[in-house]
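Good morning, colleagues. I would ask you to keep the sequence and the model in view while I speak.

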Amino acid sequence: MNQRNPVLPFRPAGSSQSWQQYSVLVVDDEEGMRSFLQRTLANRCGLVEAAASAEEGRALFNRIHFDLIILDIALPGKSGVEWLDELREAGFQGDVILITAFADIDTAIHALRAGASDFILKPFRVDQILNSIRRCFDRARLVRENFVLRREVAELAGGVEGIVGSSEAITSLCQMLRRVASMPSTVLLQGESGVGKEVAARALHSMSSRAQRPFVPVNCAAISAELIESELFGHVKGAFTGASEAHHGLFYYAQGGTLFLDEIGDLPLAMQTKLLRVLEDRMIRPVGSTREIPVDIRIVAATNRDLAEEVRRGRFRQDLFYRLDVVNITIPPLRERREDVAALARHFSAQLAAQLGVPPVPLDAATLARLQAYDWPGNVRELRNLVERSLILGYFPVEALPEPPPAASPEGGAKAAAALEEVERSHILGVLAECGGNKSEAARRLGISRKTIERKCAQWGIAQ
Ligand SMILES: Nc1ncnc2c1ncn2[C@@H]1O[C@H](COP(=O)(O)OP(=O)(O)OP(=O)(O)O)[C@@H](O)[C@H]1O
Ligand SMILES: [Mg+2]
């Protein structure tokens, strides 16, 4: 148990305090005080070390992590308060309890200003020092818990690698991807062309336990019906005319990883039957082989067709549909989550500008309003292409997009105000998302106060 300090006795069973995760350094030139504190704390804390001077203390401090230092003020050489000053300056964030026999009010004030957690007069009772230590450890525990919780909250609220957007649709997509990433289940991604199905599939893979193994995308629509079986399962030498060498299939390369069957709706019916068998038996048989090979692969399939409709029309096998439809995730088109347009445009602008080696094109409110008013039939891919064009041209070719709603008439004015509000909303939320939800950082970048962000979020009904 107490492997960190074999010299000290183990903490007795039934001891009420659980301070085993904490380490303490006692610095006092009085032998009696040192051994008293060591005896008192040895079976409560994970590690207790003692030193007779600040110099000796520093030698230990440089070797071992301490959560708490109990420090005498009157030491030979450097005083406890001087050492405390140095410790804080060097960035030590642990607790320091100062103990002294000669207290005057100035020393006490200086000590507390220098960052002492407590100040105790000698002689003290055991419960006095134990209470002081408990307060320090409770505070340290809260700081740790708070840190862990904040990270969890940030993770829950924040996005998933590679997926930009803070709309409700994208937030719940990220939540869903995170939830199913750890499961072996087959996932079916549906959505119009360009909505980000492949981005989602890659994110799913990178968050899964298979992340270190291959992610193999296959475009089922791009391989001819004659070749697809051999492409997927491989073939043996002489399996068919032209098969002069044995060939591994994509399933083989995806072993242990994820196979992304894109455009699954285009898979020929004969191949659908074979794929169904693989999903059921988890075995593949290369073309021309008599041997079956076990596969350990997670299948993620995607389609921009309505697969249930394809089943009704007899173009997709119902049993395969049910096999794939274990977890069904539909990504909505960009026109149904216009609030993502600003963040996506900024993301692509920064990313592509760096790739192309050109400066990003500024996105003014009028351009943004126009981008947001457009319906994006090609979804995120179309937006990405437009941003790329803007970088090449040096301006946003928005004139090619339809006019946003007019602003002249009274109701037009209201509409314009609403559009402006929307621009502001998505801009603020976009920056907030980029800052991982950190309002102070977002406020700094936006040049507005944190309070304003909080007020706006409340106004927009966004939970904080
Ligand atoms: N939420 C997103 N965040 C960042 N980039 C995105 C997002 N959604 C899509 N993209 C980008 O948009 C482009 C199209 O995305 P993707 O290839 O994943 O779409 P798709 O749904 O697979 O389209 P298709 O059905 O045509 O194959 C890619 O360049 C991708 O990186
Ligand atoms: Mg795709």
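Predicted model: local features only at pLDDT ≥ 70, side-chain atom pairs only at ≥ 80, totals over all residues.

Helix α17, residues 439-446, and helix α18, residues 450-459, have axes that come within 8 Å and cross at roughly 110 degrees. The axes here are lines fitted to C-alpha atoms, for helices over the stretch in contact, and the angles run from 0 to 180 degrees between N-to-C directions. Angles under 35 degrees count as roughly parallel, over 145 as roughly antiparallel, 65 to 115 as roughly perpendicular, and the rest as oblique. The helices α17 and α18 are therefore roughly perpendicular to each other.

Residues are numbered from 1 along each chain as its sequence is written, and chains are lettered from A and ligands numbered from 1 in the order in which they are written.

Which residues form the contact between the two helices? From α17 come K439, S440, A442 and A443, and they meet R450, I453 and E454 of α18. Two residues are in contact if their C-beta atoms, placed from the backbone, lie within 7 Å. By class, this contact of α17 with α18 has 3 nonpolar, 1 polar and 3 charged residues. For these classes, Ala, Val, Leu, Ile, Met, Phe, Trp, Tyr, Cys and Pro count as nonpolar, Asp, Glu, Lys and Arg as charged, and the others, Gly among them, as polar.

R450 touches K439, S440 and A443, leaving aside residues up to four places away in sequence. The C-alpha atoms of R450 and K439 are separated by 6.0 Å, with the two residues 11 apart along the chain. R450 counts as partly exposed because it has 15 C-beta neighbours inside 10 Å. The scale is as follows: a residue is buried if 20 or more other C-beta atoms, placed from the backbone, lie within 10 Å of its own, exposed if 12 or fewer, and partly exposed in between.

Let me turn to the chain as a whole. The protein chain has 18 helices and 14 strands; helices (H or I, at least four residues) and strands (E, at least two) are DSSP runs, numbered from the N terminus. Of its 464 residues, 33% are buried. Among contacts between residues at least 6 apart in sequence, 68% join residues at least 24 apart.

Some individual residues illustrate such pairings. L368 belongs to helix α14, residues 365-373, and is buried because 24 C-beta neighbours lie inside 10 Å. L368 touches A342, L363 and V423, again not counting residues up to four places away in sequence. H427 sits in helix α16, residues 410-434, and its C-alpha atom is 7.2 Å from that of A343, 84 residues apart in sequence. With 18 C-beta neighbours inside 10 Å, H427 counts as partly exposed. I133, in helix α5, is buried, with 26 C-beta neighbours inside 10 Å. I133 and L68 are 65 residues apart in sequence, and their C-alpha atoms are 8.2 Å apart in space.

Next, the ligand. How many residues surround ligand 1? There are 16, and the closest are S193, G196, K197, E198 and V380. A residue is near a molecule if its C-beta atom, placed from the backbone, lies within 6 Å of it. The elements that give two or more residues to this shell are α7 (197-207) and α15 (379-393). By class, the shell has 5 nonpolar, 6 polar and 5 charged residues. At least three residues come from each of domain 2 (168-332) and domain 3 (335-459), with bounds from an automatic or database domain assignment.

Finally, the backbone. Most residues other than glycine have a negative phi, and most peptide bonds are trans. N379, in helix α15, has a positive phi near 55 degrees. Phi of R282 is likewise near 55 degrees, and R282 is found in the loop between α10 (269-281) and β11 (283-284). Are these residues buried or exposed? N379 is buried, with 21 other C-beta atoms within 10 Å, whereas R282 is exposed, with 12. The peptide bond from K122 to P123 is cis, with omega near -5 degrees, and P123 lies in the loop between β5 (118-121) and α5 (126-157).
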